[in-house]
Amino acid sequence: MTKDNTIIKEKLFDGDESGLGKITFDIPSLTFKVSDFLDNPLRNLLKDNSNTDDFDTIIKSENFQKKGALIQNFYTEQNLQVYYLIVQNRLYLFSFGEFQPMRFILYLESVWNL
């Protein structure tokens, strides 16, 4: 697994949640909606891909932090939860969440080639 260094972290959305579910985002080689990845928190990647070395490489490279007592999730430095989407042998990592009351933010964190 290698990181695509041509794609850098990018803020894709910053605003209120009204209509967020209907917005289609276009990034290099992918068109998606938020609903496409919301069921894929990063912790589930180990279930989909049993290679723990690759998983550990991603966590260390991106500086994600594991938080939670009962259900542990991964978060960015901005305290946004990390999600993933696998399309055509590429792993897309997104961070998404409520940054302030009624203000949601979505970042494309990175892209990895599988």
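Two strands pair if DSSP finds at least two bridges between them. In this predicted model, V87 has R90 in strand β8 as its bridge partner. Residues are numbered from 1 along each chain as its sequence is written. Because the model is predicted, local features need pLDDT of at least 70 and side-chain atom pairs count only at pLDDT 80 or more, while totals for chains, interfaces and linings use all residues.

**The layout**
- You'll find two helices and nine strands in the protein chain; helices (H or I, at least four residues) and strands (E, at least two) are DSSP runs, numbered from the N terminus.
- Their order along the sequence is β-β-β-β-α-α-β-β-β-β-β.

**Size and burial**
- The C-alpha trace spans about 40 × 35 × 20 Å along its principal axes.
- Out of 114 residues, 43% are buried, where buried means under 20% relative accessible area (1.4 Å probe, protein chains only).

**Contacts**
- Of the contacts with a separation of 6 or more, 54% are between residues 24 or more positions apart; a contact means heavy atoms within 4.5 Å.

**A closer look at β7 and β8**
- Strand β7 (residues 81-87) has five of its seven residues buried, so the rest of the structure largely encloses it.
- β7 runs antiparallel to strand β8 (residues 90-100), and seven bridges join them.
- Together β7 and β8 make a hairpin with two residues between them.
- Q88, in the turn, has a positive phi of about 50°.

Key. Side-chain values use heavy atoms; hydrogens and water are left out. Buried means under 20% relative accessible area, exposed over 50%, partly exposed in between (1.4 Å probe, protein chains only).
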